[in-house]
Amino acid sequence: MRKLLITTAALFAFANAACAGERYVMVTHTQGTDPFWPIVEKAGKDAAKAIGADFEYNFAPSGDMADMAKLIESAAASQPSGMIISLPDADALGGAIKSAVASGIPVITINSGLGASKAVGALMHVGQPESAAGEAAGERAKNEGVKKALCLNQEAYNTALTDRCVGYFKALGQDLNMIDVSNDAAQIETRTAAALQANPDIDALLATGPHVCEAAAAAVDEVGAKIHLSCFDLSAGIINLIETGKVEYTIDQQPYIQGYMPVILLHLYNNIAVLPGADLPSGPGFVDPTNVEKVAAQAGENR
């Protein structure tokens, strides 16, 4: 027993020593308007606290990919123990990520960019397979009687959001019908209402973000149309819209996993040289009237 206690104590001391001085930097493409990203940031902080590491979270309020690339370059120059980076535009961000990797910094990509992750030198990707998620949403919409749909995309540059829309229409068996609604709630509502008024045969909307979905619901009310509204991600507002029957379902890609797991995985990689043998999917999963009560308390906090 004494030998076991000594061994356990030694392992604990090693683990603490191993993470001493570790610092992880996360850079994402939010403009600070999407309620999804504060959950990712919180999860990264929680993971860093669990292993005793420092954690930094950065984003470019402009939403400009050139500004995000500069943030990546600046963070890499500080030589952190690892970086976690969302990858909505591999052409714009790939060079900065490759340079970080070339300087010896391990990188894990999250959220957007599954298809480009390996090409930019990342160890792996943590996120939702977006095309498959879009197809799942489209299959359900088709089964629920949707005839003509419109997809609302708030970030035209973001390949992940386009993949959601493309997958949705592929499953519906329709040609892609997508508009750029911006990240501004007022513009989202205005552009959605205008689209519905110009095309009264539209009977379904897919919103690719929670704030987009909330603004779209307001537009539907304004126009007075009967619309099958579905969306991506969770917020307290989305929960309310599901509970009141204004949203049919949302796709939950579990932002907490996207923030928490990369920090832990980089810690394991740096200290004992282990990684999963594949990318880590964080979704998709449906939240609808059948399970909304179970997740309501976590919406906007951990989901």
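Residues are numbered from 1 along each chain as its sequence is written, and side-chain values use heavy atoms, with hydrogens and water left out. Because the model is predicted, local features need pLDDT of at least 70 and side-chain atom pairs count only at pLDDT 80 or more, while totals for chains, interfaces and linings use all residues.

An unreviewed UniProt entry carries the annotation "domain: Periplasmic binding protein" for residues 26-266. UniProt positions are given in the numbering used here, feature names are shortened, and annotations may be inferred rather than shown by experiment. That span is 49% helix and 18% strand, and its end C-alpha atoms lie 12 Å apart. Helices (H or I, at least four residues) and strands (E, at least two) are DSSP runs, numbered from the N terminus.

Start with the sheet. Strands of a sheet pair through backbone hydrogen bonds, either parallel or antiparallel. Here six strands form an open sheet in the order 2-1-3-4-5-11, with parallel pairing. Strand 2 (54-59) and strand 11 are its edge strands, each pairing on one side only. Two strands count as paired if DSSP finds at least two bridges between them.

Strand 3 (82-86) is joined to strand 1 by four bridges, and its pairing with strand 4 also runs over four bridges. Met83 is the bridge partner of Val25, and Met83 also stands opposite Val107 in strand 4. Strand 4 is in turn joined to strand 5 by three bridges, with Ile110 opposite Val126.

How many of the five residues of strand 3 are buried? Five of the five are, so strand 3 is largely enclosed by the rest of the structure. Buried means under 20% relative accessible area, exposed over 50%, and partly exposed in between (1.4 Å probe, protein chains only). In a regular strand the side chains alternate between the two faces of the sheet. In strand 3, Gly82, Ile84 and Ser86 are buried on one side, and Met83 and Ile85 on the other.

Next comes helix 9 (residues 236-243), where Ile238, Ile239, Leu241 and Ile242 are buried. They cover an arc of only 165 degrees around the axis, which puts them on the same side of helix 9. The arc is that of the directions from the helix axis to the C-beta atoms. An α-helix has 3.6 residues a turn, so residues three or four places apart point the same way. Among the elements covering these buried residues are helix 8 (210-223) and strand 10.

Strand 10 (residues 249-252) contains Asp252, which counts as buried because its relative accessibility is 3%. The side chain of Asp252 reaches the backbone nitrogen of Gln254 at 3.0 Å. Leaving aside residues up to four places away in sequence, Asp252 touches residues including Gly283, Pro284 and Arg303; contact means heavy atoms within 4.5 Å.

Finally, the backbone. Most residues other than glycine have a negative phi, and most peptide bonds are trans. Gly283 and Pro284 are joined by a cis peptide bond, with omega about 10 degrees. Asn111 is not a glycine, yet has a positive phi of about 65 degrees. Asn111 lies in the loop between strand 4 (107-110) and strand 5 (124-127) and is buried, with a relative accessible area of 5%.

Definitions and conventions: A polar contact is a pair of N or O atoms within 3.5 Å; within protein, one must be able to donate a hydrogen and the other to accept it, and residues adjacent in sequence count only if both atoms are side-chain atoms.
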